[in-house]
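Okay, thanks everyone. I'll talk through one structure today, starting with the ligand and then moving on to a domain interface.

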Amino acid sequence: MVMNMPNWLKQRAFLTPDRSALVFNERKWTFSQLFDETCRTADRLYSAGIQKGDYCGVLAANQPETVFTIYALQQIGATAVMLNSRLTTDEIAWQLHDAKAVYLLYDQEHTEKAQLIPSIQSLFITGIETVSTAAEVRHTFSLEETCSIMYTSGTTGRPKGVIQTYGNHYTSAVASALNLGLHSDDTWLCAVPLFHISGYSILMKSVLYGMEVHLMEKFNSKRVNQLLKSGDATMVSVVTAMLSGMLNELEGDYSSRLRCMLLGGGPAPVSILEACKAKRIPVFQTYGMTETASQIVTLAPEDSLGKLGSAGKPLFPCAVKIDGADEGEILVSGPNVTPGYLNRPDVNKQAFQDGWFRTGDIGRLDEDGFLYVLDRRSDLIISGGENIYPAEIESVLTGHPAILEAGVTGVPNDQWGSVPAAFYVNKQPVSEEELIDFCREKLARYKVPAYFVKVDALPRNAANKLLRRELAKQWSEQDED
Ligand code: ATP
Ligand code: MG
């Protein structure tokens, strides 16, 4: 059965033309204006030769023109291959090649980078001349159709191209609304990148809900705090590093209009959750990934105090189970889950089994069905037969006042097979003895790191995620010296 729906933005501009759609610094667009801008952009893209079914790389910053481009590709029926602008040109070239993209759309800021990418037709978005033929704006979207391709962050290996259908984005937005509710005066602050599912999904919510998005070019903790204090935004998506920067800067309280601080993307240290609790910040821990078109599990407000550290329960149309008696790999299912990775039949066969997607993360469900994400399967440390999760140790270490950030990995050990080693960046001097004592108070003996290594920075990927496999590599190289 092919499910068709009216073209989302066109329908939105028809239903609520005068509602505010987008705010960027001093500029504002209603849905009707947003649709007009989008159609003009679609005309340009069409003039350049982009047609229904084409795969187009998008290398662009959080700017209104990027929003128009994302919607314009949907109007034409072309697929957006969203590119992380922090990737190197080689990495971008690889993703474009892997996706078999025929065009690369770029903005002013990425001109130089785009021009270094070989064998692709690069188009400067705002520089394309419109010829008289207008793009055919589609009447309907099919839910099975591929809307976007987004590569995973590449934390555990080479990034994989995730197929995201219109149906995936639609269910993701609806599922989130069934959980968080819709308020007619909601504004979602988007300070996360549009090329990542966290940002792209805010746009899909906007058009489906008829909700205003306040777009920010780059995350800036002072500016975000200002907007949340003044009550200009009622919802905001953040990752841990953003939230910890915001908490460090925060004087006073956020406005009572702030009703959801959606925290996802990685583990949330308990110290941060407790700081939010003390400040009465409505933080919603979520668990999700590129493959689930954003959140799939979220902690509802009424549970946020009782289940600190849990990522919550599945969203209404989704299900979660653990492959194992107690702890094990997290399996998820639901209409927001990708139909598969692009051109990766081998990986697909392994990852999708009996209607479930194997996430590669390890977790457990408590007696009430709340999910606790423990860590990535590939980062698990097995020490003398005991499972150790680096994230738990990192969470403890970042709770120490002298520690800014920490990364833990397993290193070979003759007696135990493997033992945890902690790499840390400090804010003030701290002795190894003090760190050991601190860990001993909070962790079972076998989890206390056997080694502490002070470093200037932790290895991170383009999504700013910790690369524990690089820590392990650093350790073995240091061992060889
Ligand atoms: P790759 O799949 O290429 O290794 P990645 O998994 O980091 O990259 P993303 O899709 O951006 O790429 O990230 C999703 C992952 O982030 C999840 O699978 C999980 O490991 C981690 N994550 C997300 N939310 C949470 C959470 N609440 N707690 C712990 N980990 C989380
Ligand atoms: Mg992943």
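So, ligand 1: there are 20 residues around it, and the ones that come nearest are Thr152, Thr155, Thr156, Thr290 and Asp361. Keep in mind that this is a predicted model. Take Thr155, one of those five: a polar atom of its side chain sits 2.5 Å from an oxygen atom of the ligand. Lys465 also points a polar side-chain atom at ligand 1, with 2.7 Å to an oxygen atom there. With Gly265 it's the backbone that takes part, a polar atom of it being 3.4 Å from a ligand oxygen.

Okay, domains. The assignment for the protein chain has three pieces: domain 1 is 1–16 + 29–142, domain 2 is 166–335 + 355–376, and domain 3 is 380–480.

How much area is buried between domain 1 and domain 2? About 2,000 Å², with 65% of that coming from carbon and sulfur atoms. On the domain 1 side, Trp8, Asn62 and Tyr71 lose the most area to domain 2, and together they make up 36% of what that side buries.

Now the polar part. Between domain 1 and domain 2 the count is one salt bridge. Separately, have a look at Glu109 and Lys218: those two form a salt bridge, and their closest N and O atoms are 3.4 Å apart. As for polar contacts, ten residue pairs turn up across the interface of domain 1 and domain 2, both partners at pLDDT 80 or more.

Note on methods
Residues numbered from 1 in each chain as written. Chains lettered and ligands numbered in written order. Predicted model: local features only at pLDDT ≥ 70, side-chain atom pairs only at ≥ 80, totals over all residues. Heavy atoms only, no water. Domains from an automatic or database assignment. Buried area = accessible area lost by both parts, 1.4 Å probe. Salt bridge = Lys/Arg side-chain N within 4 Å of Asp/Glu carboxyl O. Polar contact = N/O pair within 3.5 Å; in protein donor to acceptor, adjacent residues only side chain to side chain. Near = heavy atom within 4 Å.
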